[in-house]
Amino acid sequence: GEAIFRREAQNCLKCHSIAGAGGRVGPDLVSIGASAQRDYLVESILDPSAKIKENYHALTVVADGVITSGVKIRETDTELVLRDVEDREITIPVDALEARKEAGSIMPVGLADELTRQELVDLVRFLSELGKVGPYAVGQTPVARRWEVRTHASDGSYDPSADHDQWTSVYSTVAGNLPVASVKASDSGERIVRCRLDVAKEGKVELRLAG
């Protein structure tokens, strides 16, 4: 079930995160199994717009002739900020808005069409375990869950501020592991993997790298 959730063709991780690992345009699913029945999970996969969590309605706007869709993050008297499916924040001046319309769920219909019945069962079973005591419980020990990967520069150098567009987001499993398959490429080139640490106060940080 988790492997299906992480499968690129399903795009689940592009919009949804689990304990912060994944996209942020949809709700974090870290406790979905403890708060939702399985029939609700099935309906949400097959008919995303049937029931939409508050603050996650998609909004489509037209500004200066350009159509943009996303989930509203905030709006002031001067600007509207949306988050799109690529996890980008898009700021639109309010005085440039020509039209706006709620567009239901940003999750498209048909994402489960390519799944077999057993795969759908496995996916729902995985989601139903999230937030419960068991193998898919998120532990209290902090682990890196959001990563970025890129090809090693041809000259062997590394500049963390350069080539931002060449970084690709990858995410840890619920257990906190980053699968080698997430960063391994078909060629033999080296890969650089990085993550960000958020700390509450100044002091020493201990890192443990396993595997």
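Is arginine 194 buried or exposed? Arginine 194 is buried, with a relative accessible area of 19%. Bear in mind that this is a predicted model. The cut-off for buried is under 20%, so arginine 194 makes it at 19%. Its side chain meets that of glutamate 148 in a salt bridge, 2.7 Å from N to O. Glutamate 148 sits in strand S8 (residues 146-151) and arginine 194 in strand S10 (residues 191-195), so the bridge ties together parts 46 residues apart in sequence. Glutamate 148, at 22% relative accessibility, is partly exposed.

Now for the other charged pairs. The whole structure has twelve salt bridges. One of them joins the side chains of aspartate 87 and arginine 24, at 3.3 Å from N to O. That pair also links distant parts of the chain, 63 residues apart: aspartate 87 is in the loop between strand S5 (79-83) and strand S6 (89-93), while arginine 24 is in the loop between strand S2 (21-22) and helix H3 (32-35). Aspartate 87 is buried at 18% relative accessible area, whereas arginine 24 is partly exposed at 44%.

Arginine 88 and aspartate 84 form a salt bridge too, at 2.7 Å from N to O. Here arginine 88 is partly exposed, at 49%, and aspartate 84 is buried, at 7%.

Let's zoom out to the whole chain. It has six helices and ten strands, and its C-alpha atoms fill a box of roughly 50 × 40 × 40 Å. Of the 211 residues, 30% are buried. There are 26 positive and 33 negative side chains, and the centres of the two sets lie 7 Å apart.

What about the greasy parts? In soluble globular proteins, nonpolar side chains tend to be buried together. The largest nonpolar core here has 21 residues, and Phe5, Leu127 and Leu130 touch the most other members. Helices H1 (2-6), H2 (12-15), H4 (38-46) and H5 (117-129) each give two or more residues to this core, with H5 supplying the largest share, five residues. Click on leucine 127 and you'll find that, leaving aside residues up to four places away in sequence, it touches Phe5, Leu29, Ile32, Gly33, Leu41 and Ile45. A second, separate core has seven residues, among them Leu59, Val61, Leu80 and Ile92.

Conventions
Residues are numbered from 1 along each chain as its sequence is written. This is a predicted model: local features need pLDDT of at least 70, side-chain atom pairs count only at pLDDT 80 or more; totals for chains, interfaces and linings use all residues. Side-chain values use heavy atoms; hydrogens and water are left out. Helices (H or I, at least four residues) and strands (E, at least two) are DSSP runs, numbered from the N terminus. Buried means under 20% relative accessible area, exposed over 50%, partly exposed in between (1.4 Å probe, protein chains only). Lys and Arg count as positive and Asp and Glu as negative; His and the chain ends are not counted. The place of a charge is taken as NZ of Lys, CZ of Arg, CG of Asp or CD of Glu. A nonpolar core is a set of buried Ala, Val, Leu, Ile, Met, Phe, Trp, Tyr and Cys residues joined through side-chain atoms within 4.5 Å. Contact means heavy atoms within 4.5 Å. A salt bridge is a side-chain nitrogen of Lys or Arg within 4 Å of a carboxyl oxygen of Asp or Glu.
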